[in-house]
Amino acid sequence: MAIFREGKTCLPIDPKFQKKRKKVGKEKGIAIWGPVDPPEKLGIHGTYVAIDLDICTGCGICLEVCPQQLYEWMETSGHPNSEKKAFPARESDCVQCYKCETQCPAQAIRIVFWPTGRFGQLVSLVAYLFFLQTIGGIIYGVLFGPSLDLQTLFYVGWVILPVALLFFFSIAIYFKKEGKPGEGKSLMNTTVLVDSGTYAIVRHPQVLGTILLMSASILISQHWLAAIVGVPLIVWAYLEAANEEKGLIIKFGDDYKRYMQKVPRINFVLGVIRLLQRRKREVKVDRSKVKSCHSYQNLS
Ligand code: SF4
Ligand code: SF4
């Protein structure tokens, strides 16, 4: 959305800058995306934490709100809208809490969720392998039956599959409904802690869905290739979920710590038991409220 400043219309940072612009150099190891013509035109600095310096007004809010303190001031004498700008000096420290992006009054910041560069290629490869392992294993099982002929495990795999799909896709329902990602933002850019639906059972329904899908593929196909590809990916998915929580604690603070105490990471059985216990406690509290209300009415 465009904003108005000093009688002029200012557009926010271009979300597709990596496709539309070219890298023209680096400053202290941070990429610069052109066009650049100093001191009037400075371009976009940063890849994961990107700031359009031609939009930045140097208000300093991002420096104040960033929990990782990854921004520094940068002298920009001669630039038409401010003499200093925010510079994402340690962008690799970003935990994607989105505080800077949502609070920047000039809309000059873009946090890039999907990683780029070598790490981005690795993540894309993992996603591709996950897709191949899941679809390949299921198709193999349907066409040729279970390789080891263990019929019980074969049917267990088919039972797991719909549960896995439910958890895997629930992110699209609950993040959209409860997470308030903001207009035009990715679903991952939640601004509110989501703790209902499948998120009331486990903290990482999508990771649980991923692990169950790969397990179902192994059980249905019973093929060594599905196991060799699937087991390391299952370990990777679990470790990534644990790693992501560091950022979520910073993003949501004590609310996330309380959520961690209530809801397990991916232990589905424990999650259901705890949910039922919470519901039972809530019903008890509601009944005691109704009772005290009745006794008050009888007295009066
Ligand atoms: S919050 Fe936005 S306008 Fe303010 S210094 Fe940071 S990037 Fe610039
Ligand atoms: S998203 Fe959070 S951690 Fe990343 S730069 Fe912005 S404020 Fe800092």
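Lys180, which comes just after H5, takes a positive phi of about 45°; helices here are DSSP runs of H or I with at least four residues, numbered from the N terminus. The model is a predicted one, in which local features need pLDDT of at least 70, side-chain atom pairs count only at pLDDT 80 or more, and totals for chains, interfaces and linings use all residues. Residues are numbered from 1 along each chain as its sequence is written.

Helix H5 covers residues 151-178, and because its 28 residues at 1.5 Å a residue should span 40 Å, the 41 Å between its end C-alpha atoms agrees with expectation (the expected span being 1.5 Å times one less than the number of residues).

Among the buried residues of H5 are Phe167, Phe168 and Ile171 (buried: 20 or more other C-beta atoms within 10 Å of the residue's own, placed from the backbone). The buried residues of H5 pack against helix H6 (205-221), with contact meaning C-beta atoms within 7 Å.

The table lists two axis pairs, with axes fitted to C-alpha atoms over the stretch in contact and angles running from 0 to 180 degrees between N-to-C directions.

| Pair | Axes come within | Crossing angle |
|---|---|---|
| H5 and H6 | 7 Å | roughly 155° |
| H7 and H8 | 6 Å | roughly 130° |

The H5 and H6 angle makes H5 roughly antiparallel to H6, a term for angles over 145 degrees.

How values were computed
Chains lettered and ligands numbered in written order. Helix = DSSP H or I, 4+ residues; strand = E, 2+ residues; numbered from the N terminus. Buried ≥ 20, exposed ≤ 12 C-beta atoms within 10 Å, placed from the backbone. Contact = placed C-beta atoms within 7 Å. Parallel < 35°, antiparallel > 145°, perpendicular 65-115°, else oblique.
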